[in-house]
Amino acid sequence: MQHYIVELSKYAIAFIMCLYTFESFFVFRHDNELDRTGSYIRQCIYMFLITLLSFASLTLQRGEIEYIFFFAFLEIALFSVIVLFSMIYPLCNRLLVNHMCMLLSIGFIMIARLDFSKAIKQFVIVAVSLVIALIVPFFVHNLRFLKHLWFLYATIGIGGLGAVLLAGQVTHGSKIFYSIQGVTIQPSEFIKIIYAFLIASLLYKSTKITQVLLSAFLAAIHVLILVASRDLGSAVIFFIGYLFVLFIASRNYLYLFSGIGIGSIAAVVSYYLFSHVQVRVQAFLDPFAAIDKEGYQITQSLFAIGTGSWFGMGLNRGTPNDIPYVLSDFMFSAVAEEMGVIFAICMILVCLSCFVMMMTIALSLQERFYQLIAVGLGVIYIFQIFLTIGGGIKFIPMTGVTLPLVSYGGSSVLSTLLMFSVVQGLYIVRKDEQKQEEEEELEEEEFLYANKKRQKRKRLNF
Amino acid sequence: MPTKRDRNEKDSTSKKRRKKTRKNREIIISIYMFVFLFVGMIGYLCHFVNTSGQEMINYSFNKRQQILTSKNSRGTIYSSDGEIVAESLLSEDGKETRIYPYDNLFSHTVGFSTKGRTGIEAMANSYLINAHVSLTEKVENEVSGQKNHGDNVYSTLRTDLQQIASKALGVSKGAIIVSEVKTGRVLAMVSKPDFNPNTIVQDWNGYVKDEKNSVLLNRATQGIYPPGSTFKIITSLAYIRQHPTDFSQYAFTCNGHFTHGQDKINCYHGTVHGGVDLAESFAKSCNASFANIGIGLPRDQFGKMLQELGFGQNLPLNMNYSVSNLSVDGATSDEDMIQISIGQGKAQITPILLHLITNSIAGNGKVMKPMFMDKVLSEDGAIVKQFKPELYKTLMTEEESRVLRELMTGVVENGTGKRLRGLSYTAAGKTGSAEYNHVKEDSHAWFTGFAPAEEPEISVTIIVEGIGSGGDYAVPIAKRIFDGYFGTN
């Protein structure tokens with residue numbers, strides 16, 4: 001019996017994940033949030049089933065009851081988030097809430113399977129983060145003066161990154177982390193959000209050349225500090241984020257294409273300047289030539305995905321721990337190895353669906369400042385996913401960034417949850433805007449109606 | 001009549017709408033750009049899993065092999081005529097014994113998996129250790145603690161041709177490769193001396209110490225030999241490229257040797273061939289004439305051509321092989337060039353490279369990747385993987401290959417290959433008698449060729465070490481293989 005459950009759950013999980021993914025695109029057939037409720041509820045059920053089967057399979061194989069308890073706590077936490085979000089913010093976007101919980105669930109399944117003690121640590125961080133995430137939309141919604149604070153954003157951003165560069169912890173030649181009293185944080189993760197606010201606050205009013213130059217200058221400082229800290233992944237994410245916000249704010253294709261051109265030139269130059277870039281590119285071009293050295297990580301990742309194939313080895317049946325830094329940088333490969341490539345592709349589509357949702361929210365926002373924030377966060381989010389997954393499957397050179405919400409790491413998960421809740425806040429702003437518009441329209445109609453009546457009366461009087 | 005206020009309102013709302021649609025476009029374009037990027041990435045991922053996913057299991061750095069071998073027993077390898085050439089027997093306690101029913105016959109080609117892995121055992125490893133049995137069977141096996149039967153690999157090898165080739169080589173050292181021209185399917189591959197893979201573990205140390213015989217070396221792919229006169233195929237191709245229109249006007253008078261300054265070479269056994277053209281020089285294998293051609297070839301171009309043909313390059317093979325190192329450039333001396341153009345001196349080649357070049361001549365310039373595996377079936381008979389013939393490279397133009405086929409037909413009709421003349425099928429090829437030391441009597445016997453000459457189906461490449469001339473010793477072996485293939489014993 002136990003074997004049947006373990007073996008069958010592998011296929012069941014892949015199948016249910018397909019259903020979940022299908023629903024997340026299927027909801028768009030309804031315009032009205034209310035009509036989408038059915039899909040959202042089904043998604044929650046699928047999510048629950050996937051987590052249940054995964055933890056059942058883990059418990060049966062490991063024979064340790066802790067997994068059951070962990071599962072229970074996890075479900076309680078996620079259930080509360082889903083319920084609380086829709087209670088506190090009836091206007092929130094439930095698709096994003098679901099996706100957020102789905103990605104967290106996948107992350108917890110894999111982290112618990114790889115290293116149970118880290119899963120507990122991560123759970124505490126996520127629980128706290130979720131509480132913060134519940135408050136954030138309120139601030140975004142109500143604090144309208146946020147758009148004037150560009151100087152503050154720039155100071156925090158450049159100061160924060162600069163502090164890491166000067167006093168950060170050196171890990172593998174790059175300075176990414178900052179240690180305060182034993183707690184290691186990765187400031188670039190949080191500055192990403194502030195950075196999106198910065199660009200938006202600079203470009204929302206006008207895209208006159210002076211504004212563009214100022215924003216380009218400040219963005220460049222961010223990117224250059226990151227390059228100097230050897231955090232290439234974040235540097236590229238910041239660069240691309242700026243580029244797209246500028247493009248959308250200015251509606252100028254010239255900016256986009258010249259930006260991509262400058263970026264390409266910078267990439268080539270950095271290849272010749274920095275040996276660590278050359279190492280990465282070499283490992284990308286022919287990882288098997290240096291299988292025991294520079295190519296070790298990427299080849300192990302490819303082995304994991306290739307061996308796992310479409311349906312995966314089954315949870316607890318592969319060896320994802322062979323991949324160095326699997327918990328932070330190679331979660332995608334671990335998921336693909338044990339849960340299968342079909343499941344992993346569904347996960348990519350869920351991430352993509354988050355991005356499309358964020359951009360759709362941007363699309364409908366009237367307030368320029370909010371719109372640009374949504375764009376900035378959306379692009380930053382999706383490009384990070386592109387970097388980490390593309391790097392793991394040797395589609396592009398490896399950059400070593402996390403898979404948001406799935407990877408292990410407090411800074412990463414907290415900042416992504418903040419990101420999601422900021423977008424939620426923006427979505428609620430949009431709903432308000434819509435309501436206002438409707439009211440205005442209503443008023444207008446009433447006014448016209450009254451006018452007509454008056455004219456009629458006038459005519460009658462004559 | 002609309003009031004002024006009305007009109008203003010209408011204008012402003014339509015302006016608003018226009019502004020909105022303009023504003024939206026860039027965001028939509030950005031969405032499309034990223035969706036496009038992701039579609040590309042997912043496509044790449046699917047392509048990777050589909051094409052090279054299985055290969056990933058084979059790397060020794062991938063420790064996941066052990067997981068599979070602990071769950072599945074190793075699959076069976078069949079010949080293309082359905083005979084078992086390698087199988088695993090399971091004892092009561094789940095211990096596996098690998099059995100090779102044909103003992104020495106497939107020693108290098110099927111290889112072994114008991115002391116490292118070689119041959120098909122190595123290239124098919126990922127398939128053999130995977131098991132695509134039904135779910136219920138998998139679970140049943142797991143419950144009862146039994147292993148799943150690994151997937152079975154059907155090779156392209158034919159036991160009958162392998163037996164003929166092995167017998168024909170007898171106790172001599174050497175190698176034979178037989179393959180289909182149009183598909184690249186390898187029908188037989190023999191290397192002698194051979195060994196018994198059933199006892200490889202016990203015999204291993206003895207073989208490693210025995211440097212004189214190099215038993216473990218697969219001479220067909222790893223043996224490096226002087227090509228001798230078979231190299232004249234390449235010299236001829238270079239000459240045809242140098243004189244694309246008037247190569248047939250070539251004329252030379254052979255008096256049994258060729259002198260250039262201090263350097264002198266002789267024809268085989270000092271034979272005087274008299275006045276010859278290109279076809280006759282080729283058919284009679286006139287060393288003097290080819291030295292004469294060789295010295296006039298543009299060396300940079302010749303060097304480039306050698307690279308294109310595969311010298312100094314990696315080959316499309318999933319088994320151990322040696323790279324045939326031979327490079328010629330502007331700095332190559334006349335003396336070297338004379339020797340190289342008749343396949344002596346610095347010239348060296350593996351039988352497999354010569355075989356690929358022959359296949360391209362037989363295949364209108366195109367050479368297919370050598371195929372050793374036909375398909376992989378699960379124990380239940382479901383197809384896991386069907387291999388398809390794949391083009392490797394185009395080495396020469398159709399016209400060039402046609403001219404070379406004519407030259408090689410001439411070898412059989414009125415040259416050194418006449419033992420293949422007057423049979424129920426036509427054949428073409430080139431012999432070689434490669435001298436490998438300065439005692440003139442010692443030479444390796446070469447033959448590389450194909451049949452039928454007009455519409456080639458099958459090609460063979462043969463080398464017999466230190467036995468004598470190719471015409472006397474290698475051509476009869478080719479005849480026996482062709483006879484076996486066309487069923488005309």
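This is a short talk on chain B of a predicted model, and on the side of chain A that touches chain B.

First, the ground rules. Residues are numbered from 1 along each chain as its sequence is written, while chains are lettered from A and ligands numbered from 1 in the order in which they are written. Because the model is predicted, local features need pLDDT of at least 70 and side-chain atom pairs count only at pLDDT 80 or more, whereas totals for chains, interfaces and linings use all residues.

Start with chain B as a whole. Chain B has 18 helices and 19 strands; these are DSSP runs numbered from the N terminus, with helices being H or I of at least four residues and strands being E of at least two. The radius of gyration of chain B is 30 Å, well over the 23 Å that the globule rule gives for 489 residues, so chain B is more spread out than a compact globule. That radius is taken over C-alpha atoms, and the rule is 2.2 Å times the number of residues to the power 0.38. The C-alpha trace spans about 115 × 75 × 45 Å along its principal axes.

How much of chain B is buried? Buried residues make up 48% of the 489. A residue is buried if 20 or more other C-beta atoms lie within 10 Å of its own, exposed if 12 or fewer, and partly exposed in between, with C-beta atoms placed from the backbone.

Now one sheet. In chain B, an open sheet of 5 strands has the order 8-7-19-18-17, with antiparallel pairing. Two strands pair if DSSP finds at least two bridges between them. Strand 8 (186-192) and strand 17 (428-435) stand at the edges with a single partner strand each, so one side of each is left without a neighbour in the sheet. Strand 18 (residues 443-451) and strand 19 pair over 7 bridges, and the partner of B:Gly449 in strand 19 is B:Val460.

Helix 15 (residues 351-362) of chain B packs on this sheet, touching strand 7 (174-180), strand 18 and strand 19, and its direction makes about 150° with that of strand 19. Axes here are lines fitted to C-alpha atoms, for helices over the stretch in contact, and angles run from 0 to 180 degrees between N-to-C directions. Helix 16 (residues 398-414) of chain B lies across strand 17 and strand 18, at about 75° to strand 17.

One residue of strand 19 (residues 458-464) is B:Val464. B:Val464 is buried, with 25 other C-beta atoms within 10 Å. Leaving aside neighbours within four places in sequence, its contacts include B:Leu169, B:His444 and B:Tyr473; a contact means C-beta atoms, placed from the backbone, within 7 Å.

Next, strand 14 (residues 373-377) of chain B. Strand 14 pairs in the antiparallel sense with strand 6 (residues 152-155) over 4 bridges, and with strand 15 (residues 383-386) over 3 bridges. Strand 14 and strand 15 form a hairpin with 5 residues between them, and B:Gly381 in the turn has a positive phi of about 95°.

Last, the contact between the chains. It takes 35 residues from chain A and 31 residues from chain B. Which helix of chain A gives the most to the side that touches chain B? Helix 14 of chain A does, with 9 residues.

Technical notes: Two residues are in contact if their C-beta atoms, placed from the backbone, lie within 7 Å.
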